[in-house]
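This report looks at how one protein chain is put together. Please have the sequence and the model in view while reading.

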Amino acid sequence: MKNNMRNGIWKRAFLFGVVCVLAFVVMGCSGKGAWAVLDSETAEAIDADFRGKVRKLEDGELFVAACKVEIQEDGSISSSSPSSKAKLKDSDLIPVIYTEDTKFYVRDVPDDGGEGQDREGSFSDLELHMIVDMKGEFGNDGFHPSEIRMLKF
């Protein structure tokens, strides 16, 4: 009887391990497992859940490359993105699925790096290689923003 219990426990543990490995493989192969909003401290610092660089604009569709955002030891914010000249595959881009309820803003950032003022904007204000800060969340099909703030330097 003890032998049967050990076999049952071993089989369950083995099956659980196989399921975990398969889950990691599926997440890794889809590419979408890497989509994530910013951590809460960084999101609060830039007043956005996600920062991207506009890489594709066509027929009312918006696709961005993810930007890496970090808070430095001195409290300043560092942001980096793929070079505008870098060729990215469509599968590397994140679709931004906006609706008629999505608010668009334009922020003109002064040369001295100070805070800019937001003004109301629209999809037509978007430009290739522009940095956008967005509030919202990820779904299976991309980022769903409630607000898109375009940074103009």
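The largest nonpolar core holds 16 residues, and the members that touch the most others are Val64, Leu126, Val132, Met134, Ile148 and Met150. Two or more residues of this core come from each of β1, β2, β5, β6, β8 and β9 (142–152). Strand β9 gives the largest share, 3 residues. A second, separate core has 5 residues, including Ala43, Ile46, Ala48 and Val69.

The model is predicted, and this applies to every value in the report.

**The chain as a whole**

Which elements make up this chain? The protein chain has 2 helices and 9 strands. Along the sequence, the pattern is α-α-β-β-β-β-β-β-β-β-β. The chain has 153 residues, and 28% of them are buried. It exposes about 10500 Å², of which carbon and sulfur atoms supply 53%. Among contacts with a separation of 6 or more, 58% are between residues 24 or more positions apart.

**How the strands pair**

The table lists the sense of each pairing and the number of bridges.

| Strands | Sense | Bridges |
|---|---|---|
| β1 and β2 | antiparallel | 6 bridges |
| β1 and β8 | antiparallel | 4 bridges |
| β8 and β9 | antiparallel | 9 bridges |

Some individual bridge partners can be named. Phe50 has Met134 in β8 as its bridge partner, and Met134 is also one of the core residues that touch the most other members. Arg51 is partnered by Asp133 in β8. In β2, Phe63 stands opposite Lys56.

Lys56 and Phe63 are also related through their side chains. The charged end of Lys56 sits over the ring of Phe63, at 5.2 Å from the ring centre.

Strands β8 and β9 are joined by a hairpin through 2 residues.

**Aromatic rings**

How many aromatic pairs does the structure hold? There are 6 aromatic pairs. One of them is formed by Phe50 and Phe138, which is edge-to-face, with the ring centres 5.1 Å apart and 80° between the planes. Phe50 lies in strand β1 (residues 50–58) and Phe138 in strand β8 (residues 131–139), so this pair ties together parts that are 88 residues apart in sequence. Is Phe50 buried or exposed? Phe50 has a relative accessible area of 4%, so it is buried.

A further pair consists of Tyr98 and Phe123. Their ring centres are 5.2 Å apart and their planes meet at 25°, so the pair is stacked. Planes count as stacked because the angle between them is under 30 degrees. Tyr98 lies in the loop between β5 (94–96) and β6 (103–108), and Phe123 lies in the loop between β7 (118–120) and β8, so the pair ties together parts that are 25 residues apart in sequence. Tyr98 is partly exposed, at 25% relative accessibility. Phe123 is partly exposed as well, with a relative accessible area of 23%.

Phe50 and Phe138 also belong to one aromatic cluster, together with Trp35 and Phe143.

**Two residues and their surroundings**

Met150 is one of the core residues that touch the most other members. Which residues does Met150 touch, not counting those up to four places away in sequence? The list is Phe104, Tyr105, Val106, Arg107, Ser122, Asp125, Leu126, Met130, Ile131 and Val132. Leu126 and Val132 in that list are themselves named among the core residues that touch the most other members.

Glu120 lies in strand β7. Glu120 is exposed, with a relative accessibility of 72%. Leaving aside neighbours within four places in sequence, Glu120 is in contact with Phe104 and Tyr105. Both Phe104 and Tyr105 are touched by Met150 too. The C-alpha atoms of Glu120 and Arg149 are separated by 9.2 Å, and these residues are 29 residues apart along the chain.

Methods. Residues are numbered from 1 along each chain as its sequence is written. This is a predicted model: local features need pLDDT of at least 70, side-chain atom pairs count only at pLDDT 80 or more; totals for chains, interfaces and linings use all residues. Side-chain values use heavy atoms; hydrogens and water are left out. Buried means under 20% relative accessible area, exposed over 50%, partly exposed in between (1.4 Å probe, protein chains only). Contact means heavy atoms within 4.5 Å. Accessible areas come from the Shrake-Rupley method with a 1.4 Å probe; for residues, only the protein chains shown count as cover. Rings of Phe, Tyr and Trp (its six-membered ring) pair if their centres lie within 6.5 Å; planes under 30 degrees apart count as stacked, over 60 as edge-to-face and the rest as tilted. A charge sits over a ring if NZ of Lys or CZ of Arg is within 6 Å of the ring centre and within 35 degrees of the ring normal. Two strands pair if DSSP finds at least two bridges between them. A nonpolar core is a set of buried Ala, Val, Leu, Ile, Met, Phe, Trp, Tyr and Cys residues joined through side-chain atoms within 4.5 Å.
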